Amino acid sequence: MDEIARRYLLLGLRLESHIPGFVDSYVGPAELRAVAEAEPMAAEALADEASALSEAVDALPADSDEQCRRRDWLRAQLRAIRALARHAAGEEIAYLDLLERLFDVRIGPFPEERLKGARRRLDDALPPGSSLAERYAAFTKTLELPPGRMLDALRESTARFRRASLRDFDAPSDEGIDWDEAHDVPWGAEARFKGNGRSLIRLNLDLPRGVAEIAYLASHEGYPGHHLDHITKEQTLNNERGLGEATLRTMNTPESMLAEGLADVAREVVMSNAEMAAELRRIARDAGVAAGGALLEAAVEVMTAVRDLIDVANGNAAIMLHEEGRPAGEVREYLLDQTARPAVHIDQSMRVLTDPIGRTYPFTYSKGSELIRPWLEVRGQTTGFARLLAEQHTPSELLAASA
């Protein structure tokens, strides 16, 4: 790797000591991690190093599209790292200003009409009854998996999404996924890249799961979502092009916004709604969930509407909490009222929104998918998605290209 990549890796690894959880995965040289641990730097010094490294990046050659994308990607990443280091050093940065520095685009509250639209779609998709919350609770209860079957169901659905994904996208022959359960964590599931084509996917078993959520997680965490994203970039950026910066994945930076946005639209790229309904029938049958075909077909639209509700409401809730200073109790009531989800899921959302990493992270889903969908419309679902898997891009680039 070149000196730019080496300095970038040391910068990110050193920032982890100030912001635990900032490093999502690292599969680069072990000696650099050892240097970062043996020679820590104060947060102020890391902010200065991010500025100095950004100046060095400005001098990189830009004679090809690949070189231009690399330079722009590094600039955006370094702006986020500099802001995180300054914030860790105690500098006060207004919440919305911090979001813009972290994610390379301006972010504000989502319009209420988007929430209302998602609620209307959910209302139309659910069987008739009393309140939206009660109908949604009854619907999800009908499709809920036994706790002892959740991890197996996720593993089996991921295998089917793998077959669907490899119709259009390549993967190394020796890639694969390891599995584990998790408890008492502020997330529903995670895909942690281990390098050499392998990821560890962990599922939080403390939360109830319906068949639609299992399928969503299979595509989001596995194929063609996070796992395929990781192994493709390892092959194209690191192994083929020698870009050492690709061995580090970070949280709350532009790359995380596009990674989560890519994973959120992943299912739509490889499975139609009809294919998704068939997948839900397989999950239900194999897990012993007695649900009719009409209910499972409705679950596709229910899942889509609920995902939009969650993404938008969580983003607005984060702004209420951290920009407007609203009390946590008021924010929790807002989420209960807007999303129609049970209290156990709302409590999990509040845990995320008050977590040092999670307080800004919800926008990676909502804004990420909002940027990626129009970009794919212009470039084609398969072709555009393949480029996002294999190349370095930034949120501001996708926004400008879709304007």
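A residue counts as buried when its relative accessible area is under 20%, as exposed when that area is over 50%, and as partly exposed in between, with a 1.4 Å probe and protein chains only. The structure is a predicted model, in which local features need pLDDT of at least 70 and side-chain atom pairs count only at pLDDT 80 or more, while totals for chains, interfaces and linings use all residues. Residues are numbered from 1 along each chain as its sequence is written, and side-chain values use heavy atoms, with hydrogens and water left out.

In one of them, F110 and F363, the planes meet at 20° with the ring centres 6.4 Å apart, so the pair is stacked. This pair links distant parts of the chain, 253 residues apart: F110 belongs to the loop between α5 (95-103) and α6 (112-125), and F363 to helix α16 (residues 362-379). Helices here are DSSP runs of H or I with at least four residues, strands are runs of E with at least two, and both are numbered from the N terminus. F110 is buried because its relative accessibility is 7%, and F363 is buried because its value is 0%.

The rings of Y361 and Y365 have centres 5.8 Å apart and planes at 80°, so this pair is edge-to-face. Y361 is buried at 9%, whereas Y365, at 23%, is partly exposed.

Beyond its neighbours within four places in sequence, L280 is in contact (heavy atoms within 4.5 Å) with V211, A212, A215, L296, A299 and V300.

The strands complete the picture. Two strands pair if DSSP finds at least two bridges between them. Strand β4 (residues 198-204) runs parallel to β2 (residues 176-182) over seven bridges, and D178 stands opposite L200. Strand β3 (residues 189-195) is antiparallel to β4, with six bridges, and A191 faces I201 there. Two residues separate β3 and β4 in their hairpin, where N196 takes a positive phi near 55°.

Note on methods. Phe/Tyr/Trp six-rings, centres within 6.5 Å; stacked < 30°, edge-to-face > 60°.
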